[in-house]
Amino acid sequence: MSQDRKVAIITGSSSGIGYETSIALARSGIFTYATMRNLQKATNLESIRDKEMLPLKTLQLDVTDDASVNEAIQTIISESGRIDVLVNNAGYGLVGAFEDLSMDEIRRQFETNFFGVIRVMQSVLPLMRKQKFGILVNISSGAGRFGYPSGSAYVSTKFALEGLSESIAYELDQFGIKVILVEPGVIKTNFDSGMVVAKKSQDASSPYFNMTKKMDTVFRQLILNSSPPSLVADVVVQAVKSENPNLRYLAGKDVEQWVEQKKKMSDTEFFNMMKQSFQ
Ligand SMILES: NC(=O)c1ccc[n+]([C@@H]2O[C@H](COP(=O)([O-])OP(=O)(O)OC[C@H]3O[C@@H](n4cnc5c(N)ncnc54)[C@H](OP(=O)(O)O)[C@@H]3O)[C@@H](O)[C@H]2O)c1
């Protein structure tokens, strides 16, 4: 590998946004470590890599496992000696009314979507600081800008990610490290099949059973007309290649509209508008 070729690592590359972003980063000339917790899912990515002769390598990394994260980062450091870009993408959605969520279900949600991001960032930051260069891209969501019923745990992880990213951007600026939040709207990926429905919300005796079912239908309808993951991948590449990246990038017409409405409306107006669209 050429010494001056930039190096990126991305989590959750087995499908969806992570898969497309790995390919897009490699196609843009960046040597890309496409990581995933189960390497048996690497076949498609590796065959595109081989066909297009892309600068891409697959590596095992489970964001919930300290040893797995450390081993992956150490492998990259010893092979490449540098990490220029980290894309924190791995995540899933926990669905269910707040009262139906068990502490374990909420903890697992945070372990992947929030603590997982912390674990990987803390593992690459010493090197980025030494390099005096680095770009951290955190895949947030429209759910990092507004809440909705059945999404309290997932939305909380993304709001937490937004607050964390915004705060560390100040701390890391002095070391030449940029922080970028990418906020996709609804994207056609395996996200719906990976969704975990809270145990109690699946029980017809839950007072929230009908609401959870309704939200499931609304979400599945939104997915039918949603954007492809390549749209998010293009936003990530554009942000990473920019000399002066923004802190936030929206990805998708739907999320642009929602955020615009939230800016224009009072909290009560926005609440009533959202409530109507869920009925
Ligand atoms: N799709 C949307 O509408 C949407 C909208 C806004 C934001 N997002 C965000 O985009 C990101 C990617 O989601 P997606 O839509 O591309 O869904 P996806 O197709 O289900 O991809 C999720 C990826 O995360 C991986 N993952 C889950 N737990 C992991 C762990 N512990 N360690 C490592 N990898 C793990 C999955 O691996 P496995 O294959 O092993 O399960 C998969 O590769 C998530 O952070 C999600 O919150 C999605």
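Is Ala-233 buried or exposed, and what is its relative accessible area? Ala-233 is buried, at 1% relative accessible area. Here "buried" means under 20%, "exposed" over 50% and "partly exposed" in between, with a 1.4 Å probe and protein chains only.

Hello everyone, a quick word on what we are looking at. This is a predicted model, where local features need pLDDT of at least 70 and side-chain atom pairs count only at pLDDT 80 or more, while totals for chains, interfaces and linings use all residues. Residues are numbered from 1 along each chain as its sequence is written, and side-chain values use heavy atoms, with hydrogens and water left out.

Let's start with the whole protein. Its secondary structure comes to 10 helices and nine strands; these are DSSP runs numbered from the N terminus, with helices being H or I of at least four residues and strands being E of at least two. Along the principal axes, the C-alpha atoms fill a box of roughly 60 × 40 × 35 Å. The radius of gyration is 19 Å, which agrees with the value near 19 Å for a compact globule of 279 residues. That radius is taken over C-alpha atoms, and the globule rule is 2.2 Å times the number of residues to the power 0.38.

Of the 279 residues, 49% are buried. The protein exposes about 14,000 Å², with carbon and sulfur atoms supplying 50% of that area; the method is Shrake-Rupley with a 1.4 Å probe, and for residues only the protein chains shown count as cover.

Now contacts, meaning heavy atoms within 4.5 Å. Taking contacts between residues at least 6 apart in sequence, 71% join residues at least 24 apart.

Back to Ala-233, which sits in helix α8, residues 229-241. Leaving out residues up to four places away in sequence, Ala-233 touches Glu-20, Thr-21 and Ala-24.

Next, Thr-11, in the loop between β1 (7-10) and α1 (16-27). Thr-11 is also buried, because its relative accessible area is 1%. Its side chain reaches the backbone nitrogen of Ala-90 at 3.0 Å. Not counting residues up to four places away, the residues that Thr-11 touches include Thr-35, Leu-61, Val-87, Ala-90 and Val-120.

What does the side chain of Ser-206 make a polar contact with? The partner is the side chain of Asp-100, at 2.7 Å. A polar contact is a pair of N or O atoms within 3.5 Å; within protein, one must be able to donate a hydrogen and the other to accept it, and residues adjacent in sequence count only if both atoms are side-chain atoms. Ser-206 is in the loop between β8 (196-197) and α7 (209-224), and is buried at 9% relative accessible area. Beyond its neighbours within four places in sequence, Ser-206 is in contact with Asp-100, Lys-200 and Ser-201.

Met-53 has phi near 50°, a positive value in a residue other than glycine. Met-53 lies in the loop between α2 (43-52) and β3 (56-60), and counts as exposed because its relative accessibility is 73%. Ser-150, in the loop between β6 (134-139) and α5 (152-173), has a positive phi too, near 75°. Ser-150, however, is buried, with a relative accessible area of 8%.
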